[in-house]
Amino acid sequence: MSVLLPIIIFVIAKLFRVDTGKAARSSVLIGVGFIGINLVIGLFAENISPLAQRMVDVSGITLPAVDVGWPAGAAIAFGIAEIGVWMIPLFVGLNLFLFAIGFTYTLDVDIWNYWHFAFIGGLVYMSTNNWVYSVGVGLVLGVFVLVAADWTQPAVEETFDTPGISIPHGLSAPFAVAAIPIHWAVDKTPLGDMEADPDAIQDRLGLLGEPIFLGLVIGLVIGIAAYSNALFVAENWYTILGAGVAFAAVMHILPMMVGILMEGLNPLSQSIRDYMTSRFEGRDMAIGLDSAILIGHESVIASSLLIVPIAIVMSVILPGNEVLWGVDLATFPFMFALMVPIMNGNVVKMVVTGTILLIPTHYIATAAAPLLTRAAGSAGFDLGGRSLITAPLGDAGTPATGLLALIPAPVGLVIGFVTAIGIWAALRTWPKRMYMVAGASEEKAEETVQRRHTGKGGGLLPNKIGGPVETTGAEIQSDD
């Protein structure tokens, strides 16, 4: 991906008449940023997986479904009945068609992450042996993430300063959409009034509230919990202290890597949006990218570290759970990425909402484990002697997997399609309200409504259902 994406970005930049030098520098910086992000995530996974294994061992409970993580999920996805091979041209064509008719504003250039669509299709193929239906399910997930990307784009642009970028990510988008009603309920509790964004935490805790010390403390706590039955062995303290330093490094370095990526991305996205605005009046467009560009936010990293011990404890105490956490403990930043605008970066709300989401995630990942294990065998994936594998966050335990792959055909496909179309219709009917629900401020929502939902829009489908948006000067009086 660190090679393919810069090439794709460069080609797209040239198609939109971006200066060659500017396009080349930005494309290389994007590749460098992705390499840096993957290195830091790899450091996190390398340290947390053995600690998680030890924490479960200390409990004395056996959990047979081993978490092999999203890298294995992606490898398996592209090896099942050639679904992954066909998914790329089919989704590119579908995305271009939906953009042309005005269904979506997003052009998803993040081809690597089409594996999420192939993964769902592969699991469905294992249960139905119907290739066409399985591909259809994968494409429905693709349509859903395009709709979710359009929905969350104004809030993402405002929060992360990413003009013209949307996030059609097959892992982040389903969790973000599922988090919205949970966050609404959490907001009705006393937690709703609690200020717990990174700045507020730092003001309250002082030095310990700084990200680097927060990572150090969390790493030490997890390390001590993992070696709680052998704390008097001096050698174990080397590992415990090492975990603390490694987690502090993740908190400090990851935002820097994302900063490199954004240094390349921002000038390109702004140039492309300016080109589109100057030539296609009334037609908005967003470049769809990986949610990796968001995971450097302090709220994302802090929430991701705090929920690690919670997830491990939940795997031990939840009755009927068979998931043994491993590689995907390093994937939590992708689960939280799109929740930052929805919850204003409130770390406590993000962790509470994430904890509630983890309850179904454990059971979905447990139920999907036999399918994934069969899929791995079909794809020639080396199970390494394990009899049962899963990947709770990437993607065997996501809400999308529970809906599309575990509900019997064709009910799952119908529910998934109706869900995507329902959100799309709500966006076109009450755009301002919907953008604000996804985390955009009222000012940003109004700006987006004026940009997207006034005029003809350039496609066959209406930009606004239920009558046009009325404007008076700079003010907008939307129907919602």
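User: Leaving aside neighbours within four places in sequence, which residues is tryptophan 151 in contact with?
Analyst: This is a predicted model, in which local features need pLDDT of at least 70 and side-chain atom pairs count only at pLDDT 80 or more, while totals for chains, interfaces and linings use all residues. Residues are numbered from 1 along each chain as its sequence is written, and side-chain values use heavy atoms, without hydrogens or water. Contact means heavy atoms within 4.5 Å. With neighbours within four places set aside, tryptophan 151 is in contact with Val177, Ile180, Ile423, Leu427, Met434, Tyr435, Val437 and Ala438.

User: Does threonine 152 count as buried or exposed?
Analyst: Threonine 152 lies in helix H6, residues 131–160 (helices are DSSP runs of H or I, at least four residues, and strands runs of E, at least two, numbered from the N terminus). Buried means under 20% relative accessible area, exposed over 50%, and partly exposed in between, with a 1.4 Å probe and protein chains only. At 7% relative accessibility, threonine 152 is therefore buried.

User: Which residue in E6 is the bridge partner of aspartate 67?
Analyst: Strand E1, residues 65–67, runs parallel to E6, and two bridges join them; strands pair if DSSP finds at least two bridges between them. The open sheet has the order E5-E1-E6. E5 and E6 stand at its edges with a single partner strand each, so one side of each has no neighbour in the sheet. In E6, aspartate 67 is bridged to threonine 390.
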